[in-house]
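Keep the structure in view while reading.

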Amino acid sequence: MNDSTNLKPILITGANSGIGRKTLELLTDKGYFVYAGARKDKDIEELNKLPNTLAIKLDVTDDEQIKQAIKIIKEEGRGLYGLVNNAGIALVGSIISTSMEMMKDLFEVNVFGPHRMTLACFPLLRKSKGRIVNISSISGILTGRILGLYSMSKHALEAYSDTLIQNVEDFDMNVSLIEPGNFKSDIGSNLIEKMRNEEESYRINMTSAQKKQQFKEIEEGFSADHGFPEPFKVAEAIFDALFSEKPKPRYLVGGNEEEVKWVIKRMFVEMLQLNHNHEYSFDRDSLIDIMDESISETN
Ligand SMILES: NC(=O)c1ccc[n+]([C@@H]2O[C@H](COP(=O)([O-])OP(=O)(O)OC[C@H]3O[C@@H](n4cnc5c(N)ncnc54)[C@H](OP(=O)(O)O)[C@@H]3O)[C@@H](O)[C@H]2O)c1
């Protein structure tokens with residue numbers, strides 16, 4: 001155990017690339033010790049060369065690996081202050097072409113993964129009155145014609161966190177959601193790679209020509225470098241959620257102003273759809289009163 005490191009060790013799942021890697025670098029630069037979850041041996045070897053880092057083989061769908069990871073953390077003797085549920089995958093395409101197998105694969109990582117990790121880390125986090133940070137997305141609020149599957153998983157994570165935050169408050173623990181817009185990472189290229197290797201039978205209700213067309217659309221949308229920013233701002237939001245005296249329940253981290261506007265507008269549209277034309281609809285003035293009440297509750 002290195003005594004020079006800050007005594008608030010953090011476990012990050014999927015720490016070898018994208019948002020997880022940037023967060024690892026930010027935390028270790030500031031002197032925090034990070035348990036870096038990664039799946040591939042070559043990534044583990046590379047991560048172990050970084051300062052203040054212990055890489056652990058960790059697939060969030062694998063109960064045995066999770067058990068071993070907790071055993072290692074306990075043996076290290078530093079305790080655990082934070083869990084960053086970052087590991088995630090994308091799955092896109094039309095919902096009617098999505099087999100149960102595909103849907104289950106997605107939820108195994110993006111939804112059941114954070115739950116497995118939360119359950120496994122809970123005893124250590126309870127002891128340290130620690131924090132859980134769940135990496136959702138603006139897709140936890142928005143959805144789209146081909147984004148629906150990924151959005152479903154992130155919508156589930158939103159509800160999960162909103163409940164978890166209440167379930168752990170008796171233990172002086174905290175839970176935050178991070179909702180990034182589009183940032184540079186490997187998530188798009190990993191998706192394309194996976195789709196290239198998909199079994200012909202994986203997508204259903206489509207002819208071969210339709211599958212090709214859908215793949216072309218997805219490839220164009222997700223493999224190009226759209227000039228998205230590096231996820232520094234996302235790492236900073238995660239840092240705040242882990243260490244701020246007053247962590248926020250939600251951190252919306254837009255890549256640009258337009259993304260933020262999409263999200264806020266979507267929330268208004270949903271609210272107005274709920275309010276539209278029924279027995280208990282509120283008029284505009286009452287809606288503004290409700291908004292003022294909500295503002296005072298949020299601040
Ligand atoms: N980048 C964005 O614009 C953006 C926006 C909103 C939300 N997010 C969310 O941010 C999180 C990180 O994604 P990213 O964009 O940084 O993508 P990324 O570069 O592809 O990183 C994803 C990480 O998750 C790991 N992972 C995938 N499946 C796993 C499993 N079964 N068990 C453990 N680890 C697994 C990957 O490991 P391998 O390298 O071994 O595959 C990788 O380390 C995800 O939850 C994603 O949904 C990203």
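## Helix 10

Helix 10 lies largely in the open, because the number of buried residues among its 19 is zero. A residue would count as buried with 20 or more other C-beta atoms within 10 Å of its own. This is a predicted model.

Helix 10 covers residues 257-275. At 1.5 Å a residue, its 19 residues should span 27 Å, and the end C-alpha atoms are 27 Å apart, so the two values agree. After helix 10 comes Asn277, which has a positive phi, near 55 degrees.

## Two domains

Domain 1 consists of 6-187 + 227-255, and domain 2 of 261-299. Between the C-alpha centres of domain 1 and domain 2 there are 31 Å.

Four residues from domain 1 and four residues from domain 2 make the contact. On the side of domain 1 that touches domain 2, four residues are nonpolar, with no polar and no charged residues.

## Around the ligand

The ligand is surrounded by 27 residues, and the closest are Gly14, Gly18, Ala87, Gly88 and Ser185. Helix 1 (18-29) and helix 7 (187-196) are the elements that give two or more residues to this shell. Helix 1 supplies the largest share, three residues.

Methods. Residues numbered from 1 in each chain as written. Predicted model: local features only at pLDDT ≥ 70, side-chain atom pairs only at ≥ 80, totals over all residues. Domains from an automatic or database assignment. Contact = placed C-beta atoms within 7 Å. Nonpolar A, V, L, I, M, F, W, Y, C, P; charged D, E, K, R; others polar. Near = placed C-beta within 6 Å. Helix = DSSP H or I, 4+ residues; strand = E, 2+ residues; numbered from the N terminus. Expected span 1.5 Å × (residues − 1). Buried ≥ 20, exposed ≤ 12 C-beta atoms within 10 Å, placed from the backbone.
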